[in-house]
Structures are given as C-alpha cells and as structure tokens.
Amino acid sequence: MSELSLQSKPHRAAVAEIVIAGVREALAMATEPPTTEVTEDTFLIGQSAVLDSMGLVTAILEIEQRLADEHDVTVVLADERAMSQKNSPFRSVRSLTDYVLQQIQA
Amino acid sequence: MDKRVVLVTGSRKGIGRYLAEQFLQQGMIVEGCSRNAPEWNAAGYTHHLLDVADEAAVKTMLASIQKRHGRLDILINNAGVASLNHSLLTPLSTVEKLMATNFAGTFLVCREAAKLMRKHKFGRIVNFSTVAVPLRLEGEAIYAASKSAVTVYTQVLARELAEFGITCNVVAPTPIDTDLIRGVPKDKLDLILRQQPIKRLGRFEDVANVIDFFIRPESDFITGQVIILGGLHGH
C-alpha cells in the first residue's frame, strides 16, 4: 500500500465495506450466528435488527478499529441518539455508513 | 505470558509516579500521562503529554498503545484535581474543571481503554475516589461530588464490561502527603484523621496494596467494589 493511500480518507464504498465487515464480525461473535446476508439495507436497531444491543456495541467498536488499522483514521463513533430507533445513526448499515463518512470528514 | 501493559494517568508525580515505578519494578510495560512533562523517566516507560479531558488526545494515546503493544491489560485512573472551598464561594469554572478532569477524564480513558481490553477478554480498571465522599467533608462539596460520580460510573461500567472479562473497581484513599492536600489546613486534616478508625495519614504503599489486589488475575470475581482506606465505609 502506498503512503499516499494510507493518508487519504476512505471513499464511501470503502467505508461501507468496513461497516459490513464490522457487522459480520459482531454476528460471528454471537452465540448463534444467523445466516443473514449483510447489505446496506440491513437493520441494526429495532424489530428487524440482526444484532442485539451488545452486538451493536461490538460492531461499532470493530468498525472504529478497522478504520484505525486499515486507514489510519481515528474517529469516535458515539452519539446520544445511538439507541433511538427513529433517529439513530446506527439504525442500518446505510445510515451508519453515512454517519461514519460524516465523522471522518468532520 | 506476554509482559503486562499498564496505563497510569496522572503519573508525573505523587501516587501516580509511585505506582508507575512499582509497575516497572514488577516488569510491566508502563504508559503514563499528565498535562505537564514529568521530571523522571525510566526504561520501559512512555509518557504522553495530555489532558485526560481532551477526547481526541485520549483517543490518540490509546491508539498509540495499541499500535506499539497490541494490548492494554491494566488502567489506573489516578489523574485528579481537588478544590477546597465553601459551596457558596465556589465559581462555576471550578465545578467545570473538577468534573472535566475527575469525572469526564476518568470516563474517556475508561471508554477508550476498554475498547482495547475487550479484544483479549481481559482487563483491570481501577478508578480513584476519596474519603471526602463517605465523610461528606465540608469544604469539599464539588471534589466529593465529582468522585462520587466516579464511583457510581465505575459500578455501572463494571456491569457493562463484565462480559468482556474486564473488572472495574475503586480505591478511596485517605489524605496522603501529596500536592493534592498541600493546601488543606492542619486542623482540617486532624479532623479527618479523628474520624478514621485508623488515625494516620495514608501512604503510597497503602494505595498500591489495594491496587495489587484488584489487578491480580485471581481477582476476576471482584468488580464494582470500593475499598476505602483507613477503616471508613459507606461510600
């Protein structure tokens, strides 16, 4: 990997990939991993959520860690709306991807 | 087993420095931090210049620990500031400063440290309270309130982090002869000592002894506890 790509901020596709990988990792750590495929439409909060609240915490922390390891990007993914079904930036893979991009660009 | 990695906040002087040096003697890798540069250094010790209430700086410090050691086993949240004043004469800025360092600082370092600890399913967090909490000391309302916040936070955190193999406990020292109590008048100190079952000033060794107990691998069933030195109770 070139030094330039290490320093540049990741694009949306790369961020979405990291978010999906983080969710997959959290699913794999659950005692009974469901066979659900993870896409941008996957819900992370609410009745259709694929993760429980601890699974969500694990996924978020995995995403933070991957951003640091793979892109040298340091962000804190913490938000007071975290557990709100309506407004949470963590409600789906898509909204979480948008939120991560926002945080990186902030 | 790999060498244990420990982070001691407020390690420039006083108890923090003493603990850092003890851990080095025990063969651990020691990381420390403070707002001002320390006048000491040692092989195996790395110092970070930062304010524990600075979120970005705390995050950077923990990222640096992760990069260099790949782990963090023990966190000693010793950094703290005190203030002696009557409530009616206390400016808001003092309240904000104490809550920022004592409570928000403890919170931030715990949050970022626990993220590293959970990966290895092992962690020991020790936070600091004070006898000013159980004694409800007059003149120390804000200091005691900030440390009371640390205690309750630690006890809830203990529940939230239990499944990651991380324990969270509190040590509450009596007055010790450090800079923190330099401004406390002698009659005030005597008043505190008279209320302690064991009537003497604390020593660094007393604090280290409680911490040694909390961080032992065998203490994996001990979490959310407060040990108050000098025989006091009722946090």
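A: Chain A and chain B bury about 970 Å² between them, and carbon and sulfur atoms carry 56% of that. Buried area is the accessible area (1.4 Å probe) that two parts lose on being put together, summed over both. This is a predicted model: local features need pLDDT of at least 70, side-chain atom pairs count only at pLDDT 80 or more, and totals for chains, interfaces and linings use all residues. Residues are numbered from 1 along each chain as its sequence is written, chains are lettered from A and ligands numbered from 1 in the order written, and side-chain values use heavy atoms, without hydrogens and water.

Q: How many residues of chain A are in contact with chain B?
A: Eleven residues of chain A touch twelve of chain B. Contact means heavy atoms within 4.5 Å.

Q: How many salt bridges between chain A and chain B?
A: Four. A salt bridge puts a side-chain nitrogen of Lys or Arg within 4 Å of a carboxyl oxygen of Asp or Glu. One of them joins A:Glu64 to B:Lys115, at 2.7 Å, N to O.

Q: New topic. Which elements make up chain A?
A: Four helices and zero strands. The order from the N terminus is α-α-α-α. Helices (H or I, at least four residues) and strands (E, at least two) are DSSP runs, numbered from the N terminus.

Q: How much of chain A is buried?
A: Buried residues are 42% of its 106. Buried means under 20% relative accessible area, exposed over 50%, partly exposed in between (1.4 Å probe, protein chains only).

Q: Where does A:Val93 sit?
A: In helix 4 of chain A, residues 93–105. A:Val93 is buried, at 0% relative accessible area.

Q: Which residues is A:Val93 in contact with, leaving aside neighbours within four places in sequence?
A: Among them are A:Val19, A:Ile20, A:Val23, A:Val38 and A:Leu44. A:Val23 is 70 residues from A:Val93 in sequence, yet the C-alpha atoms are 8.2 Å apart.
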